[in-house]
Structures are given as structure tokens and as C-alpha cells.
Amino acid sequence: MGMEIYYFSGTGNSLYITLELQKRIPETELMPIVGLLDMDIVKTSAETVGIIFPIHLAMAPQVVIEFLKKMDLKSAEYIFAVATREGSQHRAFADFKKVLGKKGKDLNSYFTLNMASNDPKFKNWHPAAAEELADMESEVQNNLEYIQDIILNKDESHEKDTHFTVHMPIFSIFSLVLPVLNKFYNVEFYANSKCTGCGTCKKVCLSGKIKMVNGKPVWQKKVDSFFCHACLNYCPEQAVQIKSNLFLKSYTEENDRYSHPYATADDIAGQKNNLKYFQSTLE
């Protein structure tokens, strides 16, 4: 009846936060969201439940919201959420509170952590340098100490977000149309001539969108993407690209890639293997 953390991570930032909290808080079980998606109802027996995820387009990933709707949280006395982001404002916790309210629950505490960006499609993007990562890590560790104390004491924490680095003056209006934008958010991936057919992209694809055809990856149109960018960032040859379209000029051909220094492709892919993978890594 201790604590369970449910989490989703594409390139390791949220995975890192999950593992760090597990180190700090005894009797914590890790529950990968992707490994539980086939379940109609996800019933927890924990008193404390946490959900950790990255921000996608100023929201929680849609797969995380849909998963939250499936959860049976009758045993949960305390629920918290941690979002990782590059720095933009977001509405994830407001959406969480709406879903939880329909279950007769509340989001007792929530926290947002600024971390490195994994989105190399924009012009002048670059992966965080070693000095930047060190500064972020120092800040993250300080925040985790604060978060740990709040969770252990089951305190309420609803602090206003004042640490965003990407300011949107009309965010309150923009946020009203975010669900529609998220639904029709269209990013097409492909592999260029550098592809060696190693299959890493398929291995880390959390949605199962990628299949290998004649030794090359194909992104199946009938399978929804989770937009986690794992395939893009873990390709060892940087062969996976985002296609430019009428509304988006992609610079992935020119830019480098990012994944968290402590998260391997195997770590990301392990989310699909339900709990057995995590139990074995913790022994």
C-alpha cells in the first residue's frame, strides 16, 4: 500500500525523474504506462500515486490523459504529478484535475521541471551542451529534494508556475484550442539514405507505429503516433527525419539529436515490456 509511480518517457527526461524519486522514497513501485495500455481498467492498491510525463504541445501527451481515464484510484489517498518540459507554459495539470474530478479525486500536488529539449525540427535548435546539462541537473536535484519532502509528508502543493522560459502572452486563450490542435497535430517521419536497417527506431517506438519492411522502417499511417520522438533521437545514424510540410519547415537534416545521458534505447523500449523489465533492472 506504499507508492506507485506511473510514467511515460520518450527520450529519458521523465524516466530519469522517475528513477530519482524512486531512490529518494522507499517502497516505490514503477509502473510504465505504455506497458499497461492494453488494460481496460488499471486498478491501483497504493495509497500514494504519482504520474510523471513530458509536456507535448503545451499539454500532457494524449496517451497519458487517456490512461488516466482508465485508472481505478479508489485506494489513492494522495495523488501527485510531475511534468518535464523544455520551458513552455502548459495546461496539463488543469486537464488532470478535470479527469480526476470525475472520479471523485483531486490532484493533491503538481510540479514542473525544466529539462533539455528533444525536438530538433526547429531552426537553430541544438542539444544542450555539457555545461547547460550540469546547470539543469543541479536545479533538478534541488527541486527533487523539495518534491520528495512534500510527497513524503503528503502536503498539498499547488504553486503557480513562474519558471517557464517560453512566455506566451495569450496562453490562456491559446490553451482553449490546444485539444483541437493536438488532435490534428501532424508530424511525418521518414528515414533517409543513412539508414542501415538496424531496427533501433522500431525497438524504441512506444506506439508500435514503426514496422520494418525489407530492412527499412515504415511509419504506419493507421497507427497513431505518441509524438515522443524516441525514433528520431535514438537512431544511431541520425537517419530518422521529420518531413517539412506547408505549416512546418523541418531542420532535422541539419540538427543534432538529444536523449537523456542516463537513458539508453533499451531503457526506453523497456516500457513496452510491462513490469518484468523494471523488476529485473532493480534487482
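Predicted model: local features only at pLDDT ≥ 70, side-chain atom pairs only at ≥ 80, totals over all residues.
Which strand holds Thr 48? Thr 48 is found in strand β4.

**Thr 48 and its surroundings**

Thr 48 has a relative accessibility of 6%. The cut-off for buried is under 20%, so Thr 48 counts as buried. Setting aside neighbours within four places in sequence, its contacts include Gly 2, Met 3 and Glu 4. Thr 48 also touches Tyr 78, Phe 80, Ile 151 and Lys 154.

**The chain as a whole**

The protein chain has 9 helices and 11 strands. It runs to 283 residues, and buried residues make up 51% of them. Take the contacts between residues at least 6 apart in sequence: 78% of these join residues at least 24 apart.

Ala 263 sits in the loop between β11 (240–242) and α8. Its relative accessibility is 6%, so Ala 263 counts as buried. Not counting residues up to four places away in sequence, Ala 263 touches Thr 11, Gly 12, Leu 15 and Tyr 234. Ser 14 is 249 residues away from Ala 263 in sequence, yet the two C-alpha atoms are 9.8 Å apart in space.

**Helix α2 against helix α3**

Two packed helices are described by the angle between their axes and the distance between the axes. Helix α2 covers residues 62–70 and helix α3 covers residues 92–101. Their axes are 9 Å apart, and the packing angle is about 20°. That angle makes α2 roughly parallel to α3. The crossing of the two is right-handed.

Which residues of α2 and α3 meet? From α2 come Val 64, Ile 65, Leu 68 and Lys 69. From α3 come Asp 95, Phe 96, Val 99 and Leu 100. By type, the contact of α2 with α3 has 6 nonpolar residues, no polar ones and 2 charged ones.

Helix α2 has buried residues at Val 63, Val 64, Ile 65, Phe 67 and Leu 68. These buried residues pack against strands as well as a helix: β1 (3–7), β3 (42–43), β4 (48–54), β5 (71–72) and α3. Strand β4 is the one that holds Thr 48.

**Helix α1 against helix α4**

Helix α1 spans residues 13–24, and helix α4 spans residues 130–153. Their axes come within 11 Å and cross at roughly 45°. That makes α1 oblique to α4. The crossing of α1 and α4 is right-handed.

On the α1 side, the contact is made by Tyr 16, Ile 17, Glu 20, Leu 21 and Arg 24. On the α4 side, it is made by Glu 137, Val 140, Gln 141, Leu 144, Glu 145, Ile 147 and Gln 148. The residues of the contact of α1 with α4 divide into 6 nonpolar, 2 polar and 4 charged.

**Salt bridges**

Side chains of opposite charge can pair when their charged atoms come close. How many salt bridges does the structure hold? The structure holds 10. Three of them are listed here.

| Pair | N to O distance |
|---|---|
| Asp 95 and Arg 91 | 2.6 Å |
| Lys 97 and Asp 106 | 2.8 Å |
| Lys 203 and Asp 266 | 2.9 Å |

Are Asp 95 and Arg 91 buried or exposed? Asp 95 is buried, and so is Arg 91. Asp 95 is also one of the α3 residues that meet α2.

Lys 97 and Asp 106 form a salt bridge too. Lys 97 is partly exposed, at 31% relative accessibility. Asp 106 is partly exposed as well, with a relative accessible area of 34%.

Lys 203 forms its salt bridge with Asp 266. Lys 203 lies in helix α6 (residues 200–204) and Asp 266 in helix α8 (residues 265–269), so the pair ties together parts that are 63 residues apart in sequence. Lys 203 has a relative accessible area of 35% and is partly exposed. Asp 266 counts as partly exposed at 44% relative accessibility.

Terms used: Residues numbered from 1 in each chain as written. Heavy atoms only, no water. Axes fitted to C-alpha atoms, helices over the stretch in contact; angles between N-to-C directions. Helix = DSSP H or I, 4+ residues; strand = E, 2+ residues; numbered from the N terminus. Parallel < 35°, antiparallel > 145°, perpendicular 65-115°, else oblique. Left-handed = near helix turned anticlockwise from the far one by under 90°. Contact = heavy atoms within 4.5 Å. Nonpolar A, V, L, I, M, F, W, Y, C, P; charged D, E, K, R; others polar. Buried < 20%, exposed > 50% of the residue type's maximum accessible area, 1.4 Å probe, protein only. Salt bridge = Lys/Arg side-chain N within 4 Å of Asp/Glu carboxyl O.
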